[in-house]
Amino acid sequence: MSLTKITNIDAVELQEGIRNLSFQEDGDDASDASSSRGQQAISMENEYTQIKPYAGMPKEVLMRFSSKPCYRLPREILFWLIIACTLALIAVTISVVALSPRCMGWWQMSPVYQVYPRSFKDSNSDGVGDLKGIKEKLSHFEYLNIKSVWISPFYKSPMRDFGYDVEDFRQIDPIFGTMEDFEDLLASMHDKGLKMIMDYIPNHTSDKHIWFQLSRNGTEPYKDYYIWVNCTRDKPPNNWVSVFGNSSWEYDEMRQQCYFHQFLKEQPDLNFRNPRVIAEMTDIIQFWLKKGVDGFRMDAVKHMLEATHLRNEPQVDPNQDPSTVDTEFELYHDYTYTQQGLHEILTQWKKEMDTYSRESGRYRFMVIESYDYEEIDKTMRYYGTDYVTESDFPFNFYLLYLPDDLSGNQAKSLVHLWMSKMPKGKWPNWVVGNHDKPRIGSSAGKEYVPVINMMLLTLPGTPTTYYGEEIGMVNVNVSVIQDPFGQNDPSNSRDPQRTPMQWNDQLNAGFSDSKNGTWLDIAPDYSTVNVELQQADPDSTISQYRAISLLRESELSLSRGWFCFVWSDVNVFAYLRELDGLNKAFLVVLNFGKDTTTDLSSVSGLPDTLTVHLSTVPISQKSFPKSGIPTSKGQGLLLEYSTSQRFHPNHESECYVSEKACYLPQLNILYNC
C-alpha cells in the first residue's frame, strides 16, 4: 500500500465531497449521514482559517478572503488613491492647457524666403529658372533653417510682366514646367517639412485670358468681368493714370469702349463689383488649396476696387498742367486705391482659407502686399479688427527706406513706426528687399548687408529674405532691359535685382548649364560672391545668416520674447530681447554709421559685463563692459547676458510683445502671464 501526501487543495475538495450528499452511496448507514450533517454544522469561518490564500482558489474561497478587513481596507485605500490621482492628473492637464500660451505657427517660427523662379535655378539649360530647379535646391533652405518659401508667379502667362499677367490661373507656364512638376515640388517640400507660399494676383489678368476675350465681344456672363466705359479713341474717361505711367484707360476696337488697367495695358483690371468675379477668384484659391499649397501672398490688393463715379482724381500740384500728369505720384488716388468693399473681399478669402486650416497641422497662411507709403494706417487695416482677422499680416516695407538716411536713429525710427502703429497683440514682420526694389547690398552698401541681416533676424516677428540676400548679392547693370517698367523708364528698371542666383564660381554661377547665356546677365562678382564659397567660410555672410536663424528658433527670448529699445544715435541702434522667467537675455548692437564706442551705463537691468555670442566682424574679445561697447562701421554684435531683473516693466513705452508668455524653469514650460 502506497502513501500519498494530501495537499490543502485535496483536503478542501475531500471535505466538500463529504458534505455533498449526492456523492454518498446508497449503502451508507445512518452513522455516516449523521457524521455528514455534523460536518455541515462546522462554521465556514473556521473551515477557511485552516488554509491560506492560494493561486487558483475557487470563487467562494476568494470571496471569503476578500471580505476580511485585512484585505478589504488596503483595497479600498488603493481604489480611492487611484481616483484621487486621476482627478489630480485631469486638473493638472486642464490647468496646463488653460495656462499655456498659443503655439506659434510655422509662419512665425521661420523666416520667409522669396524665390524669383526665373532666376533661382535652371534645370533644363534654357537660361531660365524653373520648378525642377527649385526642387534641386531644397537643401539650400534646410541649410539656412528656412521653413517657409514664397515663390513668385509661375502661372501660364504671355510674360509681358514676367508672370504677373496671368493667362490661366489653373495652369503652369511651360517655361517653368508642368503641373506634374509643381505637384512633385510641393510633395518634396512637404517631405522636408517646408511650406510653400504662392503668389496670387487678384487685381488683373492678362489680355490673353479667356475671360477678357469673351468680355471684349460681349459674351455673357463675361461681359462685365472687366471695367468697361464709354469713351473715344482720343479722349479717356478721366485723368486716372497707371502704375507704369500714362493713362490707365485703353480703347478697344472690338468693343468700341475703353477698359481700365492700373498696370500695363496688357493687364486689364477685373471688376470686383461683379459678384461672379469674386466667386471665380475664390474658386481659384480653392483650386490651389486643394492641391496642398500652404499659403498665399495677395498681390497689389489696394488696386482691386475703383469708385464707380469715375471723377478725376485731385492733383498733388494743383497748378500743374493737367495734360502733363502721367505718373501715379502726381495724383492723390482717392478713387482708385483702397476703396470701400475691399476689406470685406479679403476677409471673405481669409475665412475661406481658414476652413482649410482645420486640417490638423495644415494652417493656411495669408499675407497682404500693399505699398501705402506715408499712409501706414491703411496698411495696418489689413490686420483686421478685434473681431475679424483679415490676414496674418500685411508686408512691412518701411525698412526699405533705411538707406535713405542710413543711421542708428533712422533704423530705430522705422522699427518704432511699425511697432507703435501695429494693433496690440498682432504679429510684426520685416522686409529689406524684393523683386520690385533695389537690393539692400546696393542701396545701403555691401558692407552693411551682414548687420542688416542681423537686425532682420533678431527683431520680433517674421523676417522675409529675398533670394541672394543671404550671400550679399547686389544689383547688376544688365546689358538688355527685359522689364517693361524699365523699358518705359530705364531708371525704374527692376532687372538689376532679378539677376540669376550665384551658386558657385562655375559656368553661369552654377545657375544654368546654358551655352547661350541666361535670361539676365550674371553678376560680375559671382566668382567671389557665391553660396559654395561662403559655406566654407565660418565668418561669411551666409554662415552668419544661418547661425542667427538657428539661434532665433532655439532661443525663446528671440522667437517670442519682449523687444525693448535701449539706445540709438547717429551711428548705433541697440535693443534687447528678454522673456519673463528666463534669465538668459540678448542685447543687439548694430552700427549703421562710423566706428564708435557706446556707453550703456545708464541702462538699468544690464549687467556690467556682456558676453559676445556673435559678431558680424571677426573679433578676439569675448566680452565687453556695458560702459564701453566698441563697434566698427557695418558691425553687428549679439551680446548675451544673464539676469533676473527685467527691463520692460519700467519702460512700457519702449517695449513691445506680441505672443506674450512667461517661462517656468522648474517645469521647463511656458505659461500665460
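At what angle do helix H16 (residues 449-458) and helix H19 (residues 541-554) pack, and how far apart are their axes? In this predicted model, the angle between H16 and H19 is about 15°, and the axes lie 10 Å apart. Angles under 35 degrees count as roughly parallel, so H16 is roughly parallel to H19. The crossing of H16 past H19 is right-handed. On the H16 side, the contact is made by Val-449, Pro-450, Asn-453, Met-454, Leu-457 and Thr-458. H19 contributes Thr-541, Gln-544, Tyr-545, Ile-548, Ser-549 and Arg-552. Sorted by class, this contact holds six nonpolar, five polar and one charged residues.

Two further helix pairs involve H11. Two packed helices are described by the angle between their axes and the distance between the axes. Helix H11 (residues 275-291) and helix H12 (residues 342-357) have axes that come within 11 Å. These axes cross at roughly 30°. H11 is therefore roughly parallel to H12. H11 passes H12 in a crossing that is right-handed. From H11, the residues in contact are Ile-278, Met-281, Thr-282, Ile-285, Gln-286, Leu-289 and Lys-290. They meet Ile-345, Gln-348, Trp-349, Glu-352, Met-353 and Tyr-356 of H12. The contact of H11 with H12 has eight nonpolar, three polar and two charged residues.

Helix H9 (residues 179-191) also packs on H11. Here the angle is about 55°, and the axes are 11 Å apart. H9 is therefore oblique to H11. Met-179, Phe-182, Glu-183 and Leu-186 of H9 form one side of the contact. Phe-287, Trp-288 and Lys-291 of H11 form the other. The contact of H9 with H11 includes five nonpolar and two charged residues, but no polar ones.

Attention now turns to empty space. Rolling a probe the size of a water molecule over the atoms shows where empty space is left. The largest pocket has a volume of about 1,100 Å³. Its lining is made up of 50 residues. Nearest the centre of this pocket lie Glu-328, Tyr-373, Asp-436, Lys-437 and Phe-485. Helix H15 (440-443) and helix H17 (484-488) each supply at least two residues of the lining. By class, the lining of the largest pocket divides into 20 nonpolar, 16 polar and 14 charged residues.

The second largest pocket holds about 380 Å³ of space. It is lined by 16 residues. Leu-331, Tyr-332, His-333, Glu-374 and Glu-375 lie nearest the centre of the second largest pocket. Its lining has seven nonpolar, two polar and seven charged residues.

The structure also holds two cavities of 30 Å³ or more. The volume of the largest cavity is about 50 Å³. Residues lining the largest cavity include Met-419, Trp-427, Pro-460, Gly-461, Ser-559 and Arg-560. Also in this lining are Gly-561, Arg-577, Tyr-656, Val-657, Ser-658 and Glu-659. By class, the lining has five nonpolar, four polar and three charged residues.

The second largest cavity contains about 40 Å³ of space. Val-112, Trp-150, Ile-197, Arg-297, Phe-365, Val-367, Phe-393, Phe-395 and Thr-464 line the second largest cavity. Seven residues of this lining are nonpolar, one is polar and one is charged.

How values were computed: Residues numbered from 1 in each chain as written. Predicted model: local features only at pLDDT ≥ 70, side-chain atom pairs only at ≥ 80, totals over all residues. Heavy atoms only, no water. Axes fitted to C-alpha atoms, helices over the stretch in contact; angles between N-to-C directions. Helix = DSSP H or I, 4+ residues; strand = E, 2+ residues; numbered from the N terminus. Parallel < 35°, antiparallel > 145°, perpendicular 65-115°, else oblique. Left-handed = near helix turned anticlockwise from the far one by under 90°. Contact = heavy atoms within 4.5 Å. Nonpolar A, V, L, I, M, F, W, Y, C, P; charged D, E, K, R; others polar. 1 Å grid on protein atoms, 1.4 Å probe; cavity = no way out; pocket = protein on both sides within 12 Å on 5 of 7 lines; lining within 4 Å. Points joined across faces, edges and corners; volume = space filled by probe spheres on them.
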